[in-house]
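User: I'm new to this and want to learn how to read contacts between charged side chains. Can you walk me through it?

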Amino acid sequence: MPLSVSLSIEGDTTVIELAGELDANTAPDFHQTIEKAAGHGTSTVEIRMAGVGYMASAGLRSLVFAQQKVAAHVTIKVVGAIEPVSRTIRTAGLDRSIVLSDE
Amino acid sequence: MGASPQHGARLSDPATTELHVPAVLGSLTAIAHFVRAVAVAAGLDRGAAYRLRLAVDELATNIVTHGYRGGEGRITVLGRAGAGRARIVLEDAAPEFDPVAGCLPPATDLPPERRRIGGLGIHLALTSVDEFGYVRREGRNISTLTVLAGPRPQR
C-alpha cells in the first residue's frame with residue numbers, strides 16, 4: 001500500500017500528515033518531507049500518523065533523521081499512532097526524545 | 001525465543017504456499033500480501049498478524065539491502081498456516097547471514113543524533129516472533145519464523 005505524505009504549516013507548527021504504510025519502499029517520501037519541514041524553522045514538527053496502519057524500522061530511521069535535522073530546541077511530536085506503531089517507536093527508545101501523543 | 005522443532009526446514013506440507021520474488025524493495029508489498037494471507041488462514045488476531053508481517057518485512061528488507069547489496073537475487077517465501085500458528089520461511093542465496101548473530105539491540109541510552117539504527121530491524125524482527133530458526137544450507141540462508149495466535153511474547 002502506498003504512502004501519502006502532506007506538509008503544511010499551522011502557526012508555529014510544521015505538520016506532516018502520513019497515511020498508508022511506512023516501510024523501506026515508501027519511507028524515502030517521508031524522508032524528503034522531513035528535510036523540507038526541517039527548513040521551515042518552526043518550534044514544533046508534528047507528525048500525524050493516525051492513518052499509518054503499518055510502520056517498519058525504515059520509519060524509525062526517518063524519525064531519527066528528523067531529530068538530527070531540526071535544531072535542538074525544536075519539539076518533534078508523533079500524534080495519533082496506532083498501538084503497534086507507537087510500540088515500535090518505544091522499542092527503539094525514541095519516545096525519550098520524541099513526544100508521543102494520542103491527539 | 002525458542003528454537004522451532006522444524007528449525008530451518010523446507011516445508012513440504014501440502015498446505016504450504018510459496019512466493020518467489022526478485023530481491024528488490026518493490027517486492028515488499030507482495031511479501032506483505034502473502035504473509036497476511038497466511039496469517040488469516042492461521043486465524044491470527046490483528047496483533048499477531050502485525051508481528052508476523054513486521055518480522056518478515058524486516059528480514060526481507062535486510063536481505064535486499066545488506067544480503068544482495070542491491071545486486072540481482074531472489075527471495076523465496078514459504079508459508080504454512082496451522083491452527084493458531086503461522087510459519088514463514090525466507091530463503092535467499094546471498095552471503096551467509098545469521099540474523100541472531102547480527103541482532104543489535106537499540107542503544108536507547110544514546111541521544112538520537114548519535115543513534116545507530118542499523119541492526120534495529122533485525123532486533124524488531126526477532127522480538128516480534130514466538131519462534132525463530134536459522135540455518136545455512138546449500139549456499140542458502142534459511143530463516144524460519146513462527147507466530148502463535150494470542151498476546152505478544154513477554155521478553
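User: Which residue forms a salt bridge with Glu21(A)?

Analyst: First, the general idea: a salt bridge is a side-chain nitrogen of Lys or Arg within 4 Å of a carboxyl oxygen of Asp or Glu. Here the partner is Arg53(B), with the closest N and O atoms 2.8 Å apart. A note before we go on: this is a predicted model, where local features need pLDDT of at least 70 and side-chain atom pairs count only at pLDDT 80 or more, while totals for chains, interfaces and linings use all residues. Residues are numbered from 1 along each chain as its sequence is written, chains are lettered from A and ligands numbered from 1 in the order in which they are written, and side-chain values use heavy atoms, leaving out hydrogens and water.

User: Is Arg53(B) buried or exposed?

Analyst: Buried means under 20% relative accessible area, exposed over 50%, and partly exposed in between (1.4 Å probe, protein chains only). Arg53(B) has 9% relative accessibility, so it counts as buried. Glu21(A) is buried too, at 11%.

User: What about a pair inside chain B, like Arg140(B) and Glu91(B)?

Analyst: Their side chains meet in a salt bridge at 3.0 Å, N to O. Arg140(B) is partly exposed at 23% relative accessibility, whereas Glu91(B) is buried at 1%.

User: Which residues are linked in a network of salt bridges?

Analyst: Look in chain A for Glu10(A), Glu46(A) and Arg48(A).
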